Amino acid sequence: CQSDLMQIEINCLRIDKLIKSLKSISRKADQDPFEDVSVFKLIDEAIEICKERFRKKRLNLYVRSDPIIDYTFTTKARPSEIVQVLVNLLNNSYDAICNQDRGWIRINVSLAYEIYNIEVVDSGAKIEADVAKKMMSPFFTTKPTGKGTGLGLSVSKQIIENHYGELYYDPNGDNTRFVFTLPKS
């Protein structure tokens, strides 16, 4: 009985975190002021939104970072918008690899010259060059009708540019890799 109560409490805390994360990205935040926010806190919120989906498909989702970066490292941002970008990139990765037996997604975080590089890399194959040229354009999608609007990457790119960073597809390497940058506070 005690273990049942503990399990209920754990699930309630998980649901509470999920609801808070969903609330943060469901509101229109483009007029919110920029604030100092932990890069890892942003990543945690995005993962909280997506992790159950990955778990059900047995896809590995993990974060790797430079050892010097911790929760005290911040950027000036509208948190809900950056979480929205991360969720979009994670969802795109999920869609690309959800049928793989040993699929994985990795978020890499590094810092160089006061700029954070945040990469979302998945076990999917590289994106074809002709698709890569068009994929940041509004309404371009490779997904079947009803599965995507073709706005995710173009909106994400605009959000990151409004945060004085850039979002791009990196064609180097064997897997799909999207990178966005944010300035260090």
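**Reading one chain**

Trainee: Does Tyr164 count as buried or exposed?

Mentor: Buried means under 20% relative accessible area, exposed means over 50%, and partly exposed is in between, using a 1.4 Å probe and protein chains only. Tyr164 has 67% relative accessibility, so Tyr164 counts as exposed. Keep in mind that this is a predicted model, in which local features need pLDDT of at least 70 and side-chain atom pairs count only at pLDDT 80 or more, while totals for chains, interfaces and linings use all residues. Residues are numbered from 1 along each chain as its sequence is written, and side-chain values use heavy atoms, with hydrogens and water left out.

Trainee: How much of the chain is buried?

Mentor: Of the 185 residues in the chain, 40% are buried. The surface is counted with the Shrake-Rupley method and a 1.4 Å probe, and for residues only the protein chains shown count as cover. The chain exposes about 11,000 Å², with 53% of that area supplied by carbon and sulfur atoms.

Trainee: How many helices and strands does the chain have?

Mentor: Helices (H or I, at least four residues) and strands (E, at least two) are DSSP runs, numbered from the N terminus. Here there are five helices and seven strands. In sequence order the pattern is α-β-α-β-β-α-β-β-α-α-β-β.

Trainee: How many aromatic pairs are there?

Mentor: Rings of Phe, Tyr and Trp (its six-membered ring) pair if their centres lie within 6.5 Å; planes under 30 degrees apart are stacked, over 60 edge-to-face, and the rest tilted. The structure holds four such pairs. One of them joins Phe34 to Tyr164 and is tilted, at 6.3 Å centre to centre and 40 degrees between the planes. Phe34 sits in the loop between helix H1 (2–26) and E1, and Tyr164 in the loop between helix H5 (152–162) and E6, so the pair ties together parts that are 130 residues apart in sequence. Phe34, at 28% relative accessibility, is partly exposed.

The rings of Phe40 and Tyr71 also pair: their centres are 5.4 Å apart and their planes are at 45 degrees, so this pair is tilted. The pair links distant parts of the chain, with Phe40 in helix H2 (residues 39–56) and Tyr71, 31 residues apart, in the loop between strand E2 (60–65) and strand E3 (74–77). Phe40 is buried, with a relative accessible area of 9%, whereas Tyr71 is partly exposed at 48%.

Trainee: What does Glu35 touch beyond its sequence neighbours?

Mentor: Contact means heavy atoms within 4.5 Å. Setting aside neighbours within four places in sequence, Glu35 contacts Thr75, Lys76, Ala77 and Pro79. Glu35 belongs to strand E1 (residues 35–38) and is partly exposed, with a relative accessible area of 42%. For the chain, of the contacts between residues at least 6 apart in sequence, 74% join residues at least 24 apart.

Trainee: Which strands pair with E7?

Mentor: Two strands pair if DSSP finds at least two bridges between them. Strand E5 (residues 115–125) pairs with E7 in the antiparallel sense over nine bridges, and three bridges join E6 to E7, also antiparallel. Phe178 in E7 stands opposite Val120 and is also the bridge partner of Tyr169. Seven of the nine residues of E7 are buried.

Trainee: Where is Asp170?

Mentor: Asp170 is in the loop between strand E6 (167–169) and strand E7 (175–183). It is buried, with a relative accessible area of 16%. A polar contact is a pair of N or O atoms within 3.5 Å; within protein, one must be able to donate a hydrogen and the other to accept it, and residues adjacent in sequence count only if both atoms are side-chain atoms. The side chain of Asp170 reaches the backbone nitrogen of Asn172 at 3.0 Å. The hairpin of E6 and E7 has five residues between the strands, and there Gly173 takes a positive phi near 105 degrees.

Trainee: How many disulfides are there?

Mentor: A disulfide is a pair of cysteine sulfur atoms within 2.5 Å. The count here is zero. Cys50 is buried at 2% relative accessible area, and Cys98 is buried at 17%.
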